[in-house]
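Here are my notes on the model, as numbered points. Please read them with the structure open.

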Amino acid sequence: MAARAPSGYRSKEGSAVLAAPQPSTIHIEGSLSVTAAVRPARCPSQAPLDALVSGFVGSSSPELLLNAVRRRFDTTGHPRELGVVVVASAGNNKGRGADVLAAEGLVTRMIYGWTGSCPGYLKLIKENKMQAWNIPLGVASHIIRDVAARRPGPVTHVGLGTFIDPREKGGKVNSVTTQDLVHLVKLGGREYLWYQAPERIGVALLRGTSADLDGNVSFEREAIYADQLNQAMAAHNSGGVVLVQVERLVERGSIPTKSVHLPGALVDKIVVAPPELHPQTLAPPLAYDGSLSGEWRRPLSDIEGLPLNERAVIAHRAMLEIDTPNAVVNLGVGMPEGVAVMVATHSHQNPHAASVTLTTEVGAFGGIPGGGLKFGTSHNAAALVPTATMIDFYNGGGVDMACLGMAEVDPEGNVNVSNFGGGRMPGCGGFIDISQTAKKVVFVGTFTSGGLQVAVEGGRLVVRQEGRVRKFVKSVFEKTFVASSAGGRPILYVTERAVFRLTHQGLVLEEVAPGIDLERQVLALMDFKPLVAHPGLAGQSGDAWKPNQDFKAQDNIPSKEATAKLGDVDKVTPRDEIGAAKQQMEQDRGQTFTSATGEGITKRPG
């Protein structure tokens with residue numbers, strides 16, 4: 001089909017781009033090359049404009065397009081008062097990526113799952129210069145899909161009881177945000193949340209790898225698919241414009257049918273970006289990594305192990321909680337990322353970990369998930385799917401175990417990871433989607449923060465400097481995980497010195513690392529007194545707290561068939577006295593716990 005330019009689009013010299021058998025090219029400020037679109041633009045200029053921007057944490061940012069929008073705003077004052085819907089905005093914490101649009105007056109409304117790598121947005125939110133709603137990442141993804149399908153928005157149990165619930169904050173994150181986008185509804189006598197979707201999307205700014213002359217786009221060098229197909233459909237079906245930046249143009253028919261991710265029928269313009277504005281991820285040194293796109297496989301021995309510190313101790317202990325063969329596991333951002341490294345380096349200590357399938361909410365199955373600005377990607381992934389598809393799988397209970405971070409924990413077991421006050425509100429990300437649906441949840445984090453320094457000496461944990469900030473507090477700043485949603489699922493809280501379990505009475509202290517004084521280094525540093533599993537807990541040790549110092553990755557991880565013959569993890573990592581007490585506690589539903597104050601409290605059956 002012949003490409004056709006949208007009406008009214010002009011080059012720097014002011015001449016209109018004419019329809020032609022080959023896409024015409026527009027040069028803007030000597031750097032921006034735009035091919036003509038496959039159909040006229042249909043966006044009515046008088047309607048409020050909501051925009052979709054591709055990217056996830058640090059990956060797949062359409063930087064050339066974003067820079068062009070910002071440059072135009074700085075020069076002409078337009079466009080103005082955009083609304084943006086982002087699942088997890090891509091940035092580098094220093095102003096690149098989606099943060100380019102964080103200018104007063106340019107963006108005035110934002111619906112986001114996570115925006116921690118874009119401090120410019122957070123500054124505008126803190127200063128009440130834009131309205132903002134934080135909603136679960138997976139719900140944001142499904143909102144985009146629902147706009148494409150012209151549905152009113154997702155109806156789901158995800159978010160009930162948390163700060164997303166309209167009976168709490170309704171996801172509003174500052175005082176200028178007053179409109180209700182989250183509504184409590186009842187269906188069949190059960191409570192759900194209805195997340196109201198925007199009526200239309202005016203523009204989608206996307207990216208891919210190759211585009212042919214009909215506008216078909218492939219993603220062969222991209223690390224993720226994210227939501228880009230649904231973003232394109234949402235803008236197209238709203239009468240909006242779809243702009244896609246790519247590395248290169250190729251001839252018609254050059255891209256195999258099954259390799260096309262964005263059909264040309266959805267695409268209005270193609271932008272050919274220079275390499276410096278089209279990095280695979282924004283993680284230094286901005287080099288292309290074929291193990292993230294599936295072009296090649298990276299030897300696991302190349303994965304750098306963790307130094308023997310608090311992160312290694314926590315990650316090792318969390319890895320041992322993978323207790324079923326062939327488990328599907330999700331790992332959160334931050335501290336949980338270390339579990340992926342432990343699977344690569346220490347899975348020989350847990351055959352269930354050796355057979356695990358690690359996943360990311362953005363859509364990666366298998367491999368070793370990336371960390372930092374590569375979060376969401378995966379080295380040597382077995383498959384990549386769109387984010388909305390992965391969230392469907394998660395919502396249906398597909399995750400056997402989730403390992404997520406924790407910044408604050410209260411006596412009931414509620415957790416905050418989304419808002420720390422003082423403008424530090426990166427958002428909940430996929431935390432709520434995952435923590436409310438995974439079959440088992442392991443929260444991980446240091447016991448205190450702000451200057452904590454520990455060492456492992458002779459198999460014992462030594463606290464050389466205590467953190468200034470307590471994490472186990474009387475009340476969390478906001479509820480990102482609400483304990484009442486546990487529904488009988490195993491919920492654990494793993495730190496470098498202690499492990500807690502959620503029960504009907506609240507938190508129960510089950511394990512203390514060797515070398516740690518129970519009263520002085522655990523109980524005295526909590527704003528509440530937890531239950532203690534048994535009086536002899538203090539001073540006990542076990543293999544769970546002894547990660548060996550050989551952190552070389554294992555290239556020859558046994559197959560699922562081989563690990564199935566190895567038996568239970570207990571044969572590899574024998575239970576110590578703490579583990580035996582834990583097992584007995586789980587068997588005895590009417591056990592009496594001993595509180596930190598010495599009181600006997602009987603656990604309710606069921």
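1. Confidence. This is a predicted model. The protein chain has an average pLDDT of 84, and 80% of the residues reach at least 70. Residues 1-47 are another matter: pLDDT there is below 50. Beyond near neighbours in sequence, that stretch still has 103 contacts in the model.

2. Ile 111 sits in strand E5, which covers residues 107-114. Is Ile 111 buried or exposed? Its relative accessibility is 9%, so it counts as buried, the cut-off being under 20%. Ile 135 is 24 residues away from Ile 111 along the chain, yet their C-alpha atoms are separated by 7.2 Å.

3. Helix H2. This helix runs over residues 119-126. Which of its residues are buried? They are Gly 120, Tyr 121, Leu 122, Leu 124 and Ile 125. These buried residues pack against E5 and against strand E6 (131-134). E5 is also the strand that holds Ile 111. After H2 comes Asn 128, with a positive phi near 60°.

4. Helices H6 and H7. Two packed helices are described by the angle between their axes and the distance between the axes. H6 spans residues 310-319 and H7 spans residues 337-346. They pack at an angle of about 70°, and their axes are 8 Å apart. An angle from 65 to 115 degrees counts as roughly perpendicular, so H6 is roughly perpendicular to H7. On the H6 side, the contact is made by Ala 312, Ala 315, His 316, Ala 318 and Met 319. H7 brings Gly 338, Val 339, Met 342, Val 343 and His 346. By class, this contact has 7 nonpolar and 3 polar residues, with no charged ones.

5. Cysteines. How many disulfides are there? The count is 0, with a cut-off of 2.5 Å between cysteine sulfur atoms. Cys 403 has 0% relative accessibility, so it counts as buried. Cys 428 is buried too, with a relative accessible area of 4%.

Technical notes:
Residues numbered from 1 in each chain as written. Predicted model: local features only at pLDDT ≥ 70, side-chain atom pairs only at ≥ 80, totals over all residues. Heavy atoms only, no water. Axes fitted to C-alpha atoms, helices over the stretch in contact; angles between N-to-C directions. Helix = DSSP H or I, 4+ residues; strand = E, 2+ residues; numbered from the N terminus. Parallel < 35°, antiparallel > 145°, perpendicular 65-115°, else oblique. Contact = heavy atoms within 4.5 Å. Nonpolar A, V, L, I, M, F, W, Y, C, P; charged D, E, K, R; others polar. Buried < 20%, exposed > 50% of the residue type's maximum accessible area, 1.4 Å probe, protein only. pLDDT = per-residue confidence, 0-100.
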